[in-house]
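Here is a short briefing to read with the structure open beside you. Take each topic in turn and find the residues as you go.

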Amino acid sequence: MDRRDAAPAVRIAPTVLRALLSAGAGAAAGGLLGAIYLGTAGALLALLGGLGAFAWYLLHVLNGALAESERRILQQLGRPAAEDETPGAEAREPDPTPEPQAPARPSAATSAPSAPSAPAADGPQGEVTTPPNASSATAGSAARSDDILRRGLRYARAWLQRGNPIARVGVVILFIGGAFLVKYAADNALLPLELRLAAVAAGAIVLLGFGWRLRHRQPLYALTLQGGGVAALYLTVYATLRLYALIPPGVALAMMTAVSLAAAVLAVAQRAPALAVIGFAGGFAAPLLASSGSGDHIALFSYYAVLNLGVFAVAWFRAWKLLNLVGFVFTFGVSALWRGSGYGPEQLLSTDAFLLLFFAMYVAVSILFALRQPPNLKGAVSGTLVFGLPVVVFGLHGSLVADIEYALAWSAFGFGLFYMALAWALFLAGRASLRLLAEAFAALGVIFASLAIPLAFDEKTTAAIWAVEGAGLLWLGIRQDRRLARAFGALLQLAAAGHYATGLLAAGSAQTPLLNAGFLGGAGLAVAGFLSGWWLYQARERLRPYERYAFWGLLLWAVFWWLVAGINEVERFLPWRWQIGAGLTFLVGSALLLDGLGRGVRWPAAFGTAPLLGALLLVLGSLGALEAVHPFARGAWLGWPLLWLGYYTLLHRRDSDDARLFPMANRWLHALGFWTLAAVVAMELQWRIGQHVGGVWPVLAWGLVPAALLWLGANAPVWPLAAQRTAYRFVAALPLATVAALWMIVTSLYSAGDPVVLPYVPLLNPLDIATMVVLLALAGWWQALPAAERAPLRAGHPVLLPGAVAALVFLWLNAALIRAMHHLGGTPLLFDGVMTSTPVQAALSIFWGLLGFVAMIVATRRALRAVWLCGAGLMAVVVAKLFLIDLAATDTLARIVSFLSVGALLLITGYFSPLPPKGKDIAEESE
């Protein structure tokens, strides 16, 4: 077997020597404990301590040798050995400036199993670590527990188990023993106090020297000794100052500073972050430990500035995250304590200057850290430096200058400029390791610049600036394909809208129309939303699937805030009597503006939405007209014509487009304009007529206006009626015809038809003439419908529609008869009176008989079987009515006339039309 593959021999002499040293330390610790607690029997405890330490060390050496032998055997068998099977095998971080190493001594590889086989690396906890073994893996998984106490205990155990656990336990015990020794010597006055403290300090220096000597052969063991020596020196100085008051605070502070700097130098030289953390933590704690209570903040912060320069110097050579965090926490934690307890307004300039100096130092440290390795911005340490630093510093700075007007605004603006300039410089550097940090600085710059706006302006101005800024960020995110920038830009616009809405709720003083924060804020939101939507539309093919249709939301967002801003402006600055007209004009102008902008930038969604917006405005305007005194009130006499003109302009442009948004909605958009025109004109005519004359005249508008539009829709030869004939002749006409029919029903049942200023003439009075006009308009509309459009109205029942029309005419004729008798003969007009009035009932019987007679005669001549049957049915109803209603009026002339008249009509009918004709096809009859 090759000598290189043989199990390493254990050097006897060095091993025994170290075992004896361990035994001596164990005996000393055991003896001290025994002397304190057992008195003269402490010698036995000293013996047991020495033997235990001796045996523990030998077992540790044997365990290392066995593990190394097992690794070599597995390599011989062809099985790879796990990295963590070699105790003390560690990897050191690559260093850009390698240092010359002392030549390894022949016995270094075999003198102790803990000797390193590779350079050590900085572990995640900021110290030299071994590869994770079973215990560290267990501790790592347990560290995810929510129990803070258990996590702390597991962390302490993992710290003891990493590296050289025996040495670490020994250092801990040595500290305890030293403390007991000092206490014992003090209690028994064995030596002078100064000599005892000097002896402890000398022992700490010996540990440092011995650890430095062993730094190449046993680095873990050496670092443990040096860390113990540094801690012992700190405690010695602290005890000398606080417990015994043997030295002044200034001397103690100088001593602690020297210890801190020495520890930093040793740490950098040996690549030992744990030692650096111990040294700097003691240095930062030194002013707290050695404080004299003078409250000299300049001295304190000057000292911290020197220490932070040391942290910066270490960061120049090493990327030690934990050390950076320790310096950050101590520096700004103590600064916060000073701000809360000892600060006075007269100390503003000096305190703020030191605060900004510390801020600049740790920004530089974060840049140096990024140069050494890419920053893990999600981690606790890098995230604290990059994002936590500006938050903490701005908070402390803000608490100092909060009483100065606009100081916070200018401060935030300054922070934003600083970070954006720094980000620009890092981008220009062109280093890959700085790219993520540059983006983080750019984001911080934007955030602080955005924060400066609400600190300097009111809500509405803030909304305008934030909205424009958000649009710019969204554009930048599109250009650079960064989702985070796009999301932040959209969120900034959302925040701007919240500020603007808050400002609208607060009452403000009158300002210049249009050139005020209220309108400019809403206009800023609208412009930013429109541009953002347009940019997203242009880049939709390059966006994520969930972003490709986001431009719709931003377009509607822009329209909404534009309308809110404009209507608010109208309400604030225009006289009350012009507000509705101006509002309608603004609304239609906004729709035309949207159409023009959309066509200008070739954005189909924008100019396709404009007619839909116009339709919505028509509906909202019509609903608003119901609440007004009359539709043309408060300047609406100008607004409504402009609204219809603008709306039909949009429809004309839409009709000329090859590709339309929602093409199936085209007919409904045209019909909606017709409906709103009918409603508004009818309401306005009713109000206008009612202002001059009463009676039946105002009601006529609801019948004549739909009738006129029915005729226009069916016969007008101009656009849009001719170009969109189906829309106006069928889609728009059906509701108008329904309204006209309902008007006939309502007026027949409830209107007296009083002409007021004119004498009442049967069938030639205003109501009956208007009814005949409506019937003619309905007939003309029906005749204008082609067969294809009539077919759906029959719905499979050819006689249903003609029957409905006949019933409508029959109702009107009866109402006309009752109204004529009421005006000329004073008979009742209401239903209860009509049912009990003998003259009215007799007249109805004779009238129904005449109608039945005419229907049957006409049906016989034209061979309309269905009409004959209707007439015969009406005759049957008349006969039944004679015996059930008219017969009750005994001994009256009206009853006699009704019976004689109906009987004569039946005789004549029986002669001319005794039987129903064979008739035509039902479909033909219905025509």
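Helices are DSSP runs of at least four residues, and they are numbered from the N terminus. With that in mind, the labels H11, H12 and H13 stand for residues 321-341, 348-372 and 380-401, and each of these helices supplies at least two residues of the lining of the largest cavity. Please remember that this is a predicted model.

**Inside the protein: cavities**

- How many cavities of 30 Å³ or more does a search of the whole structure find? The search finds two.
- The largest cavity holds about 70 Å³ of space.
- Around the largest cavity you will find Phe301, Ser335, Arg339, Thr351, Phe354, Leu355, Phe358, Leu396, Ser399 and Leu400.
- Which helix gives the largest share of this lining? Helix H12 does, with four residues.
- Sorted by class, the lining has six nonpolar residues, three polar ones and one charged one.

**Charged partners: salt bridges**

- Side chains of opposite charge can pair when their charged atoms come close.
- In this structure there are 11 salt bridges.
- One of them joins the side chains of Asp481 and Arg544, at 3.0 Å from N to O. This pair links distant parts of the chain, 63 residues apart: Asp481 sits in the loop between helix H16 (459-479) and helix H17 (483-505), while Arg544 sits in the loop between helix H18 (517-538) and helix H19 (550-573).
- Another salt bridge is formed by Arg599 and Asp657, whose closest N and O atoms are 2.9 Å apart. Here, too, distant parts of the chain are linked: Arg599 is in helix H20 (residues 579-600), and Asp657, 58 residues away, is in the loop between helix H22 (636-656) and helix H23 (666-692).
- Arg599 counts as partly exposed because its relative accessibility is 29%. Asp657 has a relative accessible area of 17%, so it is buried; the cut-off for buried is under 20%.
- Arg729 and Glu789 meet through their side chains in a salt bridge of 3.3 Å, N to O. This pair links distant parts of the chain, with Arg729 in helix H25 (residues 725-731) and Glu789 in helix H28 (residues 787-794), 60 residues apart. Both of these residues are buried.

**On the surface: a nonpolar patch**

- Which residues form a nonpolar patch on the surface? They are Leu704, Val761, Leu763, Leu764, Ile769 and Val773, and together they have about 460 Å² of accessible area.
- Leu704 is placed in helix H24 (residues 701-715). Its relative accessibility is 34%, so Leu704 counts as partly exposed.
- Leu763 lies in the loop between helix H26 (733-750) and helix H27 (766-784). At 40% relative accessibility, Leu763 also counts as partly exposed.

**Along the backbone: angles to look for**

- Most residues other than glycine have a negative phi, and most peptide bonds are trans.
- You can find Tyr406 in the loop between H13 and helix H14 (407-429), and it counts as partly exposed because its relative accessibility is 43%.
- Pro720 is in the loop between H24 and H25.

**Far in sequence: one more pair**

- Leu584 and Pro641 are 57 residues apart in sequence, and their C-alpha atoms are 9.4 Å apart in space.
- Leu584 lies in helix H20 and is buried, because its relative accessible area is 7%.

Conventions
Residues numbered from 1 in each chain as written. Predicted model: local features only at pLDDT ≥ 70, side-chain atom pairs only at ≥ 80, totals over all residues. Heavy atoms only, no water. Patch = residues over 30% accessible without salt bridge, like charges linked within 9 Å, V, L, I, M, F, W, Y side chains within 5 Å. Areas by Shrake-Rupley, 256 points an atom, 1.4 Å probe, with all protein chains shown as cover. Salt bridge = Lys/Arg side-chain N within 4 Å of Asp/Glu carboxyl O. Buried < 20%, exposed > 50% of the residue type's maximum accessible area, 1.4 Å probe, protein only. 1 Å grid on protein atoms, 1.4 Å probe; cavity = no way out; pocket = protein on both sides within 12 Å on 5 of 7 lines; lining within 4 Å. Points joined across faces, edges and corners; volume = space filled by probe spheres on them. Nonpolar A, V, L, I, M, F, W, Y, C, P; charged D, E, K, R; others polar.
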